[in-house]
Amino acid sequence: MVRKALLVLGLCALSSFSAQAQDEDRVELFGGYSYMRFRSTNLNGWEVAGQYKFLDWLGGVADVDGHYGSFGGIGTSTYTFLFGPQISRPSSVSPFGHLLLGGAHNSTGGFGSSSFSMALGGGIDAELPHGIHWRLIQMDYVLTQFGGGSQNNFRFSTGILLKF
């Protein structure tokens, strides 16, 4: 009888955890404007990212961006494809930080090159009325390694964040 009662209590406790997990926002989608200082060139573009939260403060992020401009009068485009963990403090104004690893591709004057890439940074998200969130600022140090050397780049992004 005691075993059955403990089993029922355990199942009730587990079901309350799963109900609580369903109430929390587990998926976040971000999209917006992005600026990158790449080598000695100013590039403008876009950034999209998706996050799945394993815990209310820890998630996994997939981040893709594209930046465009000219380098010495020649058209250039740079894309990064990054993945990694992100920590955050859940609240109406939520700071976060992440370390993302992946690859980058640069095309200048019709010639392309791919390399390892890494982004280390963070930002602040704020809740707006009607459940919409705004990524006030995201700043990242972005490392690329085109042409056998390392490039130390800066990325700034802002845009809309949706939570599901």
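The largest cavity holds about 80 Å³ of space, in a model that is predicted. Counting cavities of 30 Å³ or more gives two, and the second largest cavity has a volume of about 50 Å³.

**Largest cavity**

- The lining of the largest cavity is made up of 14 residues, and those that lie nearest its centre are Ala 49, Gln 51, Val 61, Gln 86 and Arg 135.
- Five strands, namely β1 (27-38), β2 (41-55), β3 (58-71), β5 (93-108) and β7 (133-144), each supply at least two residues of the lining of the largest cavity, and β2 gives the most to this lining, with four residues.
- Sorted by class, the residues that line the largest cavity are five nonpolar, five polar and four charged.

**Second largest cavity**

- Around the second largest cavity, the lining consists of Glu 28, Gln 51, Lys 53, Gln 86, Ser 88, Pro 90, Ser 94, Phe 96, Asp 125 and Lys 163.
- Two or more residues of the lining of the second largest cavity come from each of the elements β2, β4 (74-88) and β5.
- In the lining of the second largest cavity, the classes are represented by two nonpolar, four polar and four charged residues.

**Residues and strands named for both cavities**

- Gln 51 and Gln 86 are among the residues nearest the centre of the largest cavity, and Gln 51 and Gln 86 also belong to the lining of the second largest cavity.
- The strands β2 and β5 each supply at least two residues of the lining of the largest cavity, and β2 and β5 likewise each give two or more residues to the lining of the second largest cavity.

Definitions and conventions. Residues numbered from 1 in each chain as written. Predicted model: local features only at pLDDT ≥ 70, side-chain atom pairs only at ≥ 80, totals over all residues. Heavy atoms only, no water. 1 Å grid on protein atoms, 1.4 Å probe; cavity = no way out; pocket = protein on both sides within 12 Å on 5 of 7 lines; lining within 4 Å. Points joined across faces, edges and corners; volume = space filled by probe spheres on them. Nonpolar A, V, L, I, M, F, W, Y, C, P; charged D, E, K, R; others polar.
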